[in-house]
Amino acid sequence: MPKITYIDNEGTSRTVEVEKGLSVMEGAIQHNIPGIDADCGGSMACATCHVYVEEKWLDKIPQAEEAEVDMIDMSFEPKKNSRLSCQLIVSDEIDGLVVTTPEKQS
Amino acid sequence: MIKTDVIIIGAGPVGLFAVHQLGIKGLKAAVIDNLDKAGGQCIELYPDKPIYDIPAVPECTGEELTNRLLEQIKPFKTNFYFNERVNEINQNKDNWLVQTSKNNKFEAPNIIIAGGVGSFEPRRITLKEAEKFEGKSLFYSVKSKEEFKGKNVSIFGGGDSALDWALELSKISKVTLIHRRNEFRGASHTLSEIKKLSKEGKLSIKTPCQLVSIEGNKDISEIKIKYDDDKTEKIKTDNILSFFGLIMKLGPIIEWGLGMDKKHISVNPNNFETNKKGIFAIGDICTYPGKLKLILSGFHEAALASVECFKRARPNEKYRFEFTTSSKTIKERLGKK
């Protein structure tokens with residue numbers, strides 16, 4: 001199973017195995033990773049699963065759709081490497097992905 | 001004191017359908033919502049976006065769905081209490097007492113919480129100094145545009161609210177529109193008008209940049225913004241208007257002594273009752289094994305909860321399962337002959 005690393009804003013790193021086909025958000029929820037709220041359950045309606053993707057992964061993951069970028073406008077402290085983790089689907093291609101969660105989600 | 005059979009908290013699609021399921025069983029409901037209108041997330045988050053998974057409705061928008069539900073419950077002449085948040089729930093023997101932020105008091109044997117993910121609040125600017133200006137020179141909505149006449153107004157956001165107010169206030173104020181990226185997501189005709197005004201020098205657009213600090217003692221004097229290339233700029237500002245959408249806060253619900261699982265209320269999937277007799281939770285706010293956050297699941301939950309509500313509201317009557325197609329009583333309640 002692909003491994004995904006979640007780093008919180010204090011630098012604590014947690015690496016977990018996430019089933020292929022699940023989203024990076026779902027992986028976090030299943031493993032009780034703090035810092036990802038996912039209030040809307042993955043329907044791209046709330047921006048509370050916002051993460052910063054480690055720079056080197058940015059060109060390896062599919063680009064954000066317009067609706068996702070629109071939603072990121074609403075997120076807490078958006079940056080250039082901001083993504084909604086509900087839109088990042090786990091596959092062998094992103095095995096090893098590292099994301100950092102913001103200080104808070106709302 | 002407003003007495004009824006069921007107090008419904010939340011006027012989203014699931015709360016509205018609960019009115020229907022209770023209504024056909026002859027039960028009266030009072031609906032309370034923190035927003036100014038019915039529809040919940042459907043209206044606040046995606047009024048124009050299509051929904052494709054409502055049974056027998058191949059496609060409809062959040063707004064259409066809300067309007068159809070309101071149409072469907074018209075026969076029950078339900079009272080809605082908008083712009084009110086439920087603050088307190090207390091027990092009075094077999095009944096529940098509810099008190100709202102407007103100090104309205106309700107009493108009923110049943111409460112159905114159909115509160116989605118809580119109540120909507122504006123997403124606030126996260127800078128520490130923002131708080132002391134809030135409501136004085138920094139606002140998350142416009143109550144009266146006259147307040148901004150002749151002022152330097154810095155507007156943040158890239159959606160319709162930001163664009164609409166930038167356009168409107170540019171007629172009476174000196175407006176700077178600030179957004180974190182070059183693309184705006186508001187209506188294209190508003191955007192082209194704004195770009196035209198910007199060319200004519202009647203409005204200023206700053207992108208891609210974000211707010212880094214607010215200066216001022218009692219009132220705001222200027223703000224500092226930072227561009228993507230780390231360049232900073234100071235902008236003379238009297239008022240800040242910030243439109244970063246809404247967030248959902250669970251609010252006082254966590255203080256009601258209900259069994260919770262993270263941000264959700266645990267329920268018995270047979271009747272969607274919580275750990276408190278007569279308090280039910282349906283829709284996105286409830287959780288049970290296999291829960292799906294779908295509108296259609298919420299409808300099912302409303303139907304089952306309404307049966308238990310009937311038993312509590314009419315302890316001396318026997319509940320009879322009936323179909324709307326064949327029941328004379330239900331047809332009468334729906335005003336059909």
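Here is a short chat about chain B of a predicted model.

Trainee: How many helices and strands does chain B have?
Mentor: Chain B has 8 helices and 24 strands. Remember that the model is predicted.

Trainee: What box do the C-alpha atoms of chain B fill?
Mentor: Roughly 70 × 40 × 40 Å, taken along the principal axes.

Trainee: And how many of the residues are buried?
Mentor: Chain B has 337 residues, and 39% of them are buried.

Trainee: Let's do sheets. In what order do the strands of the open sheet run?
Mentor: The order is β12-β19-β13-β14-β15, in chain B. That makes 5 strands, with parallel pairing.

Trainee: Which are the edge strands?
Mentor: β12 (138–139) and β15 (204–206) of chain B. Each of them pairs on one side only.

Trainee: So what does β12(B) pair with?
Mentor: With β19 of chain B, residues 239–242. The two strands share 2 bridges, in the parallel sense. Look at B:Leu138: its bridge partner in β19(B) is B:Ile240.

Trainee: Which helix lies across β13, β14 and β19 of chain B?
Mentor: Helix α5 of chain B, residues 160–169. α5 runs at about 165 degrees to β13(B).

Trainee: New topic: helix pairs. At what angle do α1(B) and α7(B) cross?
Mentor: Roughly 40 degrees, with the axes coming within 8 Å. α1 covers residues 13–23 and α7 covers 295–313. The crossing is right-handed.

Trainee: Which residues make the contact?
Mentor: From α1(B), they include B:Phe17, B:Ala18 and B:Leu22. From α7(B), B:Phe299, B:Ala302 and B:Cys309 are among them. The contact residues of both helices divide into 11 nonpolar, 3 polar and no charged.

Trainee: What about α3(B)? Which of its residues are buried?
Mentor: B:Gly62, B:Leu65, B:Thr66 and B:Leu69, in a helix that spans residues 62–72.

Trainee: Why are they on the same side of α3(B)?
Mentor: Because they cover an arc of only 100 degrees around the axis. In general, an α-helix has 3.6 residues a turn, so residues three or four places apart point the same way.

Trainee: What covers those buried residues?
Mentor: The cover includes α1, α2 (40–44), β4 (50–51) and β5 (60–61) of chain B.

Trainee: Last one. How many residues of chain B are in contact with chain A?
Mentor: 14 residues of chain B, and they meet 11 residues of chain A. On the chain B side, 6 are nonpolar, 4 polar and 4 charged.

Methods. Residues numbered from 1 in each chain as written. Chains lettered and ligands numbered in written order. Predicted model: local features only at pLDDT ≥ 70, side-chain atom pairs only at ≥ 80, totals over all residues. Pairing = 2+ DSSP bridges. Helix = DSSP H or I, 4+ residues; strand = E, 2+ residues; numbered from the N terminus. Contact = placed C-beta atoms within 7 Å. Axes fitted to C-alpha atoms, helices over the stretch in contact; angles between N-to-C directions. Left-handed = near helix turned anticlockwise from the far one by under 90°. Nonpolar A, V, L, I, M, F, W, Y, C, P; charged D, E, K, R; others polar. Buried ≥ 20, exposed ≤ 12 C-beta atoms within 10 Å, placed from the backbone. Arc of directions from axis to C-beta.
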